[in-house]
Amino acid sequence: MNKLPSSGRGSTGRVAGLIYDYAELTKLRVTTLIVMTAWCGYFLAARKAGIPALTWGLFHALLGIGLVSAGTAALNEVLERDTDRQMRRTASRPLPAGRMSLLHAALAGILLTAGGSLYLAVFSNILTGSLTCLTAVVYLAAYTPLKRVSPFCTFVGAFPGAMPGVLGWAAVRERLEWETLVLFAILFLWQFPHFFSIAWLYREDYESGGIRMLPVVKPDGRSTAARILLYSALLIPVSLLPSLTGMTGRAYMLGAAVLGLGLLYFGSRLAALRMPLASAKSKLRARQLLQATIVYLPILLVLMMFNSTR
């Protein structure tokens with residue numbers, strides 16, 4: 001009499017565990033941010049085209065881009081399973097922890113990536129499907145292996161990382177336009193303070209895993225701090241381009257300027273500290289910069305959408 005409820009609870013626990021593992025495998029939080037960024041690109045393109053922003057086209061675009069993003073994340077974890085096993089922050093992922101087989105994860109990643117690309121080609125357009133697939137290939141074939149070779153990996157990885165807004169735009173317009181360059185440039189520059197702050201925080205972990213991020217190669221932190229300041233400063237004028245080119249109004253311009261100066265402030269506080277990367281105060285300021293980058297991007301995208309002028 002007591003076995004049925006226990007079995008039921010066990011089944012529920014296994015299902016919940018599998019859902020959690022898939023969320024980890026596909027990096028759900030990162031995928032959600034990618035989909036949100038693609039939505040911004042789609043919204044702005046729809047405004048320019050004079051068509052409704054909420055259509056089945058939006059659903060198809062975001063679903064396809066989300067599938068490819070999830071599949072790419074899964075394949076990344078397949079490729080980096082041995083590295084993840086050596087790092088404390090990633091050792092609990094499904095593959096290094098042994099909760100999921102390599103074949104299972106690889107098949108899931110391939111099906112999601114290939115299926116999402118094909119879905120976009122059929123239900124959006126061939127350009128969007130092709131660009132999304134190419135983005136996944138560059139991420140997996142260039143950025144992922146380069147992480148174990150050179151800190152230049154951050155620069156290479158910023159290219160696929162800057163594509164979501166472009167993909168959302170292409171899903172509507174079926175071509176690349178100068179607005180896509182603006183969206184690309186904002187995302188491209190934003191990634192440097194974001195990922196350098198992560199690398200600063202987890203330098204010891206990356207070193208253990210053989211990941212050649214800049215703080216690992218140059219542990220004094222000066223080179224990393226200089227790049228954080230450079231890219232944060234460049235992001236301010238670039239983030240104003242949507243207003244200067246007529247994509248958005250003055251409210252966005254003011255908000256973008258405030259957000260950019262805020263991000264530069266947190267980067268400057270970290271750079272001015274001049275303490276070892278491993279010090280508690282240094283890590284605290286790196287974490288504050290990371291949090292600032294996480295707050296910056298969604299607010300900027302929302303401002304861009306709500307204050308769009310076309």
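This is a predicted model: local features need pLDDT of at least 70, side-chain atom pairs count only at pLDDT 80 or more; totals for chains, interfaces and linings use all residues.
Is R274 buried or exposed? Residues are numbered from 1 along each chain as its sequence is written, and side-chain values use heavy atoms, with hydrogens and water left out.

Back to R274, then. With a relative accessibility of 72%, R274 counts as exposed. By that I mean over 50% relative accessible area; buried is under 20%, and partly exposed is in between, using a 1.4 Å probe and protein chains only. R274 sits in the loop between helix 14 and helix 15. When I say helix, I mean a DSSP run of H or I with at least four residues, numbered from the N terminus. R274 is not a glycine, yet its phi is positive, at about 50 degrees.

In that loop between helix 14 and helix 15 you will also find L277. L277 has a relative accessibility of 3%, so it counts as buried. What does L277 touch, not counting residues up to four places away in sequence? Its partners are W200, R203, P215, P219, D220, G221, S282 and K283, where contact means heavy atoms within 4.5 Å. As for S150, which is 127 residues from L277 along the chain, the two C-alpha atoms are separated by 19 Å.

Let's walk over to helix 2, residues 28–49. Its 22 residues should span 32 Å at 1.5 Å a residue, and the end C-alpha atoms are 31 Å apart, which agrees. The expected span here is 1.5 Å times one less than the number of residues. Several residues of helix 2 are buried, including T31, V35, Y42, F43 and L44. What covers them? The cover includes helix 3 (56–79), helix 8 (164–173), helix 9 (178–201) and helix 15 (280–306).

Both sides of helix 2 have something to show in the backbone. Just after the helix, G50 takes a positive phi of about 75 degrees. In the loop between helix 1 (3–25) and helix 2 there is K27, which has a positive phi of about 50 degrees although it is not a glycine. K27 counts as buried, with 18% relative accessibility.

Helix 3 is our next stop. It has 24 residues and reaches 35 Å from first C-alpha to last, close to the 34 Å expected at 1.5 Å a residue. Most of helix 3 is covered, with 18 of its 24 residues buried. At its start, a side-chain oxygen of T55 comes to within 3.2 Å of the backbone nitrogen of G57.

Within helix 3, please look at H60. H60 has a relative accessible area of 16%, so it is buried. Which side chain does H60 join in a polar contact of 2.6 Å? That would be Y119. A polar contact is a pair of N or O atoms within 3.5 Å; within protein, one must be able to donate a hydrogen and the other to accept it, and residues adjacent in sequence count only if both atoms are side-chain atoms. Leaving aside neighbours within four places in sequence, H60 is in contact with Y119, L120, F123 and S124.

A quick look at helix 4, residues 81–86, where D84 is placed. D84 is buried, with a relative accessible area of 2%. Not counting residues up to four places away in sequence, D84 touches E77, T90, A91, R93 and P96.

Finally, a pair of helices. The axes of helix 12 (residues 222–239) and helix 14 (residues 250–273) come within 9 Å and cross at roughly 175 degrees. Helix 12 is therefore roughly antiparallel to helix 14. Residues making the contact include A225, I228 and L229 of helix 12, and Y252, A256 and G260 of helix 14.

L230, in helix 12, is partly exposed, with a relative accessible area of 44%. A251, in helix 14, counts as partly exposed at 46% relative accessibility. A251 and M304 are 53 residues apart in sequence, and their C-alpha atoms are 9.0 Å apart in space.

That's my tour, thank you!

Note on methods
Helices (H or I, at least four residues) and strands (E, at least two) are DSSP runs, numbered from the N terminus. Axes are lines fitted to C-alpha atoms, for helices over the stretch in contact, and angles run from 0 to 180 degrees between N-to-C directions. Angles under 35 degrees count as roughly parallel, over 145 as roughly antiparallel, 65 to 115 as roughly perpendicular and the rest as oblique.
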